Amino acid sequence: MAVPTLRCGFSGSRWTFALVDRGCRHRTVATFNWIRGQSSVAQQPLHTAQKPRKGAQEWAAVVGLEIHAQISSNSKLFSGAEVRFAAPPNSLVSFFDASLPGTLPVLNRRCVEAAVMTGLALNCHINQKSLFDRKHYFYADLPAGYQITQQRLPIAVNGNLAYSICVGKQQREITKTVRVKQIQLEQDSGKSLHDDLRSQTLVDLNRAGVGLLEVVLEPDLSCGEEAATVVRELQLILQALGTSQANMAEGQLRVDANVSVHHPGEPLGVRTEVKNLNSIRFLAKAIDYEIQRQISELENGGEILNETRSFDYKLGCTVPMRDKEGKQDYRLLLVSKCRNICGVGACFSSG
């Protein structure tokens, strides 16, 4: 009977150990990666293992953020219903919020002013003409079957936000800038309350129609720490302006993070979106985990799916939710037949 032999080799920065059994068709490989300070054991037949190519250990992460801030206003974006936290379920719902036939939206002046103020604070160009679109998707807490938002012509575009971050062992402080793609107004949706004990879902529409500022940042970030610093900086700006209280504990500031990895000099990789992060600490953890997950998946010969994920703070990892929708799936339509909201400035409520 042949005795298994242990072979080892070093290639670049990767040690490879192989236990060879001449009486077996395959041999098992254990790979230890010392660059990231981690060891990972991959139990797989050698004929399926991919030989690391030159520069395989060099990865660049790309992170973009979509930040949703609830506007500080007494009423909702398109109705006169009151905005108040922790009110009894479905007690702050107007006919328009419930999407009853024949009801029309009236734009809240305060929300427009808040968007313009935020755009100026972030060095944006303010569009003289701004239009609304219908973003179609079906969900129980969206009674109309579409969300009124701004996709084609938002209120503000092409801004920037400076932030400071400490780098290196000596924690040297440097200043970086992230580009602001656009700032847009949109409706919030209702809230689904899942009762696992009774196997049912209840819907609270108090939040439906509340005015949101969506600040879309270009993918200029590279790690969770940078993303957390940017969100904290924006939170302070919104609070100083008074345009949003930005209290994450009350859901007034929520972040969606788009994450991808690639080798430097190569095209960007497939991105995933981590939704509804309502804590700066969880935001940093979710992004860093997702970066490492994608790197590990690609190094093991897998592929990254264009999907939406959520962060499980108890497990400290991201989990799949659904496939990522494209713009064509939302069937974006210009709100052209409602003069009250088509062009900003046409008709206002006092807010």
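**Close-up views of a predicted model**

**View 1. The residue after helix α3.** In this predicted model, α3 gives way to Gly 301, a residue with a positive phi, near 85 degrees. The helix itself covers residues 280-299. At 1.5 Å a residue, its 20 residues should span 28 Å, and the end C-alpha atoms are 29 Å apart, which agrees.

**View 2. The start of α3.** Here a side-chain oxygen of Ser 279 comes to within 3.3 Å of the backbone nitrogen of Arg 281. Arg 281 belongs to α3 and, with 52% relative accessibility, counts as exposed, because the cut-off for that class is over 50%. Look also for Glu 225: its C-alpha atom is 9.1 Å from that of Arg 281, although 56 residues separate the two along the chain.

**View 3. The buried residues of α3 and what they pack against.** Among the buried residues of this helix are Phe 282, Leu 283, Ile 287, Ile 291 and Ile 295. As for partners, the buried residues pack against helix α2 (224-241) and against the strands β4 (60-70), β14 (253-262), β15 (272-277), β16 (307-312) and β17 (317-323).

**View 4. Helix α1 and its buried face.** Helix α1 takes in residues 109-121, and its 13 residues should span 18 Å at 1.5 Å a residue; the end C-alpha atoms are 19 Å apart, which agrees. Cys 111, Val 112, Ala 114, Ala 115, Thr 118 and Gly 119 are its buried residues. Viewed down the helix axis, they fall within an arc of 160 degrees, so they line one face of α1. A handy reminder for reading this view: an α-helix has 3.6 residues a turn, so residues three or four places apart point the same way.

View 5. Cys 111 has a relative accessible area of 1% and is buried. Cys 317, at 14% relative accessibility, counts as buried too, because the limit is under 20%. The disulfide count for the model comes to 0.

**View 6. Gln 147 and its surroundings.** Gln 147 sits in strand β8 (residues 146-149) and is buried, its relative accessible area being 7%. Beyond its neighbours within four places in sequence, Gln 147 is in contact with Asp 133, Arg 134, Lys 135, Tyr 137, Leu 142, Glu 186 and Gln 187.

Definitions and conventions:
Residues numbered from 1 in each chain as written. Predicted model: local features only at pLDDT ≥ 70, side-chain atom pairs only at ≥ 80, totals over all residues. Heavy atoms only, no water. Helix = DSSP H or I, 4+ residues; strand = E, 2+ residues; numbered from the N terminus. Buried < 20%, exposed > 50% of the residue type's maximum accessible area, 1.4 Å probe, protein only. Contact = heavy atoms within 4.5 Å. Disulfide = S-S within 2.5 Å. Expected span 1.5 Å × (residues − 1). Polar contact = N/O pair within 3.5 Å; in protein donor to acceptor, adjacent residues only side chain to side chain. Arc of directions from axis to C-beta.
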